[in-house]
Amino acid sequence: MKKTSLIGGIKENFPSGLVVFLVALPLCLGIALASGAPPLSGIIAGIVGGLVIGSISNSNISVSGPAAGLTAIILTAITDLGAFNIFLCAGIIAGVIQLILGFVRAGSISNYFPNNVIEGMLAAIGIIIILKQIPHALGFDKDYEGHQSIFDNGLNFGYFSELLGAIHPGAIVVTLVSISILIIWDKVHALKRIKMLPGALVAVVAGIILNEIFKATGSSLAIETQHLVSLPVPQSLDDFKNLITLPDFAGFTNPKVWIAGATIAIVASIETLLCIEASDRLDQQRRITDTNLELKAQGIGNLVSSFIGGLPMTSVVVRSSANANAGATSKLSAIIHGILLLICVLSIPFILNLIPLATLAAVLILVGYKLAKPATFKHFWHLGKFQFIPFVATVVAVVATDLLKGVGIGLAISVFYILQGNMKRAYYLSREKLDDADGISIKLAEEVSFLNKAAIKKTLKNIKPNSTVIIDARGTSYIATDVLEMIQDFANIRAKEEDINVELLGFKTSYKDYERDEQSHIVVTHKRAM
């Protein structure tokens, strides 16, 4: 692989790092507020996610930071524990558990996520991004993370009426202008060649200028403060220190802290592994991330974040997909986004507070569309129902519930189809078909598992007396013990009682000679005597 110099890497990845920074900034603040934590705790987590996890992880696309999937857990834990500084001890515990999971190589679980479920998760995230950003695009900003939902004990019709009643014309203008800039920047080849000037930055600057013009002219289109980015602005070093909360280590004596830490570790690790699998699929070069190293990186990141007053983190699909779509080529992009968060929080928060949330919503809406574009649905439709149904089920379940529940439902449906397909391949012949056959040949496939026992058993049961049967295992490397015993019982007992002529080909002399590699099937064929 061609090596890239540090300067070249910065030139290639600065635009994507800038885009992720613009996306991550309001998300970090929104997730902190939704979690009941100090606003700066989300920013601290974003900085650590970029600088610490970005440096340790070998993922080239994924970006870590505070995650929406942990907000309910964090909010409940802070409420139960009574103080954020006590909760930080739970974050430290979560980091230690993730480190242990990395060392015991628990990251290999990600190898068992089917592609159709991962793609379904990505498409669902795209739909969720769009649904959550529509209110902000229209000027309805109760909170940036968008807890307003069309699913609330069924279809939430109040969502639509509340949304339509809160439309802000200025926000719509900024959104449309921003989307137009992003589309033009992506379509016009000459503009795409300006690597160091991403369309998202142009859209953000245009949004700020438009709103400042609206304010200066006294226009009714002017966007109020509550619809802009809201970042704490410390006036002095003491103010900044007061914004940072340090852990109260007395919390380690509280059993609830340990329960919260273990819960965060499990949920954060699963979400991270799902995101890493998705990020590897978004990587144009299809590089493979070491998931065990990723768990270690997440553990170290959560330890550092919790020690300095930050929220727990995961690898996050929204930021990772924005990173990939912006053209990131290495993890340097994630590191750059962390550096930008740090610089801007320390030096120019007042400028960042001029950014309309509508223009950031426009950036995310296009990210969401790329994840959930119709071509992806057509692709899985053409692959057949065994791929399409788990894919769509995952999409619907993730949108209607949450990421973990939705992926769990998708996995369950996918496993059902795998088992069904496995058993169908080991099809049996009906008694009527066997009655028509004077010679029967049963050719076992390379792998024969316990899932095939029922089909083989039914086939053997339907073989009529005085038949000739050939059971061919010459191409078989593994046969489950219970299936092998069933075949031997048929050949040694029933065949002799019913005058069935049985010929066994290629069977090994010992059960131990069959070593299991993976699940398999059998193919049963029969032929008439000539």
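Lys453 sits in helix H21, which covers residues 453–461. This is a predicted model, and in it Lys453 comes out as partly exposed, with 30% relative accessibility. Together with Lys457, Lys458 and Lys461, Lys453 forms a patch of positive charge on the surface.

## Ala260 in helix H11

Next up is helix H11, residues 255–282, where we find Ala260.

What does Ala260 touch, leaving aside residues up to four places away in sequence? The contacts are Ala77 and Ala90. Asp80 is also worth a look: 180 residues separate Asp80 from Ala260 in sequence, yet their C-alpha atoms are 9.8 Å apart in space.

## Salt bridges

The structure has five salt bridges. One of them pairs the side chains of Glu119 and Arg281, at 2.7 Å from N to O. That pair ties together distant parts of the chain, with Glu119 in helix H5 (residues 115–138) and Arg281 in helix H11, 162 residues apart. Glu119 is buried at 16% relative accessible area, while Arg281 is partly exposed at 25%.

Lys215 and Glu212 make another salt bridge, at 3.5 Å from N to O. Both belong to helix H9 (residues 199–216) and sit three residues apart, about one turn of the helix. Lys215 is partly exposed at 39% relative accessible area, and Glu212 is partly exposed at 31%.

Then there's Arg474 with Asp472, whose side chains meet at 2.8 Å, N to O. Here Arg474 is exposed at 62% relative accessibility, whereas Asp472 is buried at 11%.

How values were computed. Residues numbered from 1 in each chain as written. Predicted model: local features only at pLDDT ≥ 70, side-chain atom pairs only at ≥ 80, totals over all residues. Heavy atoms only, no water. Patch = residues over 30% accessible without salt bridge, like charges linked within 9 Å, V, L, I, M, F, W, Y side chains within 5 Å. Areas by Shrake-Rupley, 256 points an atom, 1.4 Å probe, with all protein chains shown as cover. Salt bridge = Lys/Arg side-chain N within 4 Å of Asp/Glu carboxyl O. Lys, Arg positive; Asp, Glu negative; His and termini not counted. Charge placed at Lys NZ, Arg CZ, Asp CG, Glu CD. Helix = DSSP H or I, 4+ residues; strand = E, 2+ residues; numbered from the N terminus. Buried < 20%, exposed > 50% of the residue type's maximum accessible area, 1.4 Å probe, protein only. Contact = heavy atoms within 4.5 Å.
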